[in-house]
Amino acid sequence: MTIRLTVAQALVRFLAAQYTERDGVRQRLISATWGIFGHGNVAGLGQALIEYGDDMPFHQGRNEQSMVHAAVGYARQSNRLSTHAVTTSIGPGATNLVTGAALATVNHLPVLLLPGDIFATRVADPVLQQLEVPYAGDVSVNDSLRPVSKYFDRVTRPEALIPAALQAMRVLTDPVETGAVTLAMPQDVQAEAYDWPEEFFAERTWVVRRPGADPTELAEAVRVIRAARRPLVVAGGGVHHSRAEEALAEFAEVTGIPVSSTQAGKGSLPYDHPQDVGGVGHTGTATADELARTADLIIGVGTRYTDFTTASHTLFQGQGVRFLNLNIAAYDGHKLAGQPLIADASSGLAELTAALRTHGHRVADAYVTEYTEDKERWEQRVDACYEAEEPDARPTQPQVLGALDALADESDVIINAAGSLPGDLHKLWRARSRDQYHLEYGYSCMGYEIPAAIGVKMAAPERNVWALVGDGTYLMMPTEIVTAVQEGIAIKILLVQNHGYASIGGLSESVGGERFGTAYRFTSQDGTFTGAPLPVDLAANVASLGMRVLRAKTVRELREALAEARAADTPTCVYVETETADTVSGPPPAQAWWDVPVAETATRSSAVKARELYERHVSTRRRHL
């Protein structure tokens, strides 16, 4: 039996019948589609989404990149088991997807991109917005998505959709290979009819695998753990993707091994768990970083060891330190010349725990006492950062976080991606549940927070979802506020005004750049941006997009506004200006280095001094072989 449909109609029907299953739980793989329509998709996918609107919910976006961010936020909150599709027209609509695709792929989060494309038949050539490449007639702007996609195909014939669609689903549900998947859809092919086999539209369930460890690798992993005196776990985002938090907690409790976390892995253990020692790396806690410096074994679980985690290869300084890497991806499992344990995080941890329990293995009591006392001292430093002795004064950025921390419970979700907030959050935030802390720091994409909050709220409508946004990030991409208002998605925005790119301003000063080009200020007579702050009213801008705004000038007003926003059932923004325009934040300074190259030759003293300090840090770098 066959069914005659257009290519676009067939694709929408196919997507509506795809499911994932893990641990016996089954759900829709593509639960909705986002779209902005132009001539490249309005008559094809646009018509198909009208035709099958009962099977495929639709969301109207304002910016193509934002739509991808919303889909990614939804996918992360859904544990990568469900995501959204995104359709755009050809040309600028399609190229606007590139940043979002890169973010999805870097973070191993599934999203399906369906950009329109030029005519496959070439009957209209060149078409509006077509990039003509003299040496290749089959290249379009969509080819810019190839390097940032985990799978890419151009559907130039109706029958080509069948294998392309099946391959796309395979990659979206692969726990190793998942990321952005692009099916470029020529506008003439979208509208072309074809007789499709009925089986193409049958429900399919894609089982998400949980591979166990190889027995030889597992035995070696047990051996190296038992031989270690000062082991430390570095928990990455793979812990969350696998839902391995309970398995990690049991491993830590049985062995007594402390657990640090990357930005993506924070919350793998709640902050008050006895074995949780906080964030690790450049933005980590003093407790975790000191343990990392003296560890003789680093047990990486679901981490890819970015430069923030390793402090640009200067953090792990213990004599003879080795690495044991539990990872579902062999590529990451072999990093730092480590002993690989290639397995799903939950399965691998369960197998490790069982083997170590059999041996009765546990770290020395003196080691437990050491990190427990260090953790208590760090929590006292956090308390000091959060405390506001003068409630009627303008808050510092850590005091802003402290006010939210005092209000939030395990049901709240906080979202951030860029600026000075990620560093403060990684050091200071007290994660209370496995998915409370949502930091996109793999790509650290300014503008991610607001659309991602919409996606998270769609996946978890019962949760309070906060987008923490600095002024620089807000001005990058505020447009999806309109979407939140339109659909009544009750996200909360905490908008911090600090008059510029504050985090980069601080970094610039530390590397001899003298905060050049990082402040939102008028120009002075010498042409530098050192005049008065710009009279930009971001709160008024938020209100103009239809969102309710609560202005807070003091710590006391901030606490009241946050409580009011949290109780609101409509999209609400809390706007606050932090204490000084030139202060990045007031938390403890970085506990580990980060390599940002400094000019080797310079005449200005700030750069000369920064280079001297840089060379001292570089000299401590190690190649772990």
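**Sheet and helix packing in the predicted model**

Six strands form an open sheet in the order S5-S4-S6-S7-S9-S8, paired in parallel; strands (E, at least two residues) and helices (H or I, at least four) are DSSP runs numbered from the N terminus, and two strands pair if DSSP finds at least two bridges between them. Strand S5 (58-60) and strand S8 (151-154) are the edge strands, each pairing on one side only. From one strand to the next the twist averages 20°. Strand S4 (residues 30-35) runs parallel to S5 and is joined to it by three bridges, with Phe-58 of S5 as the bridge partner of Thr-33.

This is a predicted model, in which local features need pLDDT of at least 70 and side-chain atom pairs count only at pLDDT 80 or more, while totals for chains, interfaces and linings use all residues. Residues are numbered from 1 along each chain as its sequence is written, and side-chain values use heavy atoms, with hydrogens and water left out.

Helix H1 lies across S4, strand S7 (111-117) and strand S9 (180-186), at about 175° to S7; angles run from 0 to 180 degrees between N-to-C directions, and axes are lines fitted to C-alpha atoms, for helices over the stretch in contact. H6 also packs on the sheet, where it touches S4, S7, S8 and S9 and makes about 160° with the direction of S9. Contact means heavy atoms within 4.5 Å.

The axes of H1 (residues 7-16) and H6 (residues 161-172) come within 11 Å and cross at roughly 30°. In this contact, Val-7, Ala-10, Leu-11, Phe-14 and Leu-15 of H1 meet Leu-161, Ala-165, Leu-166 and Met-169 of H6.
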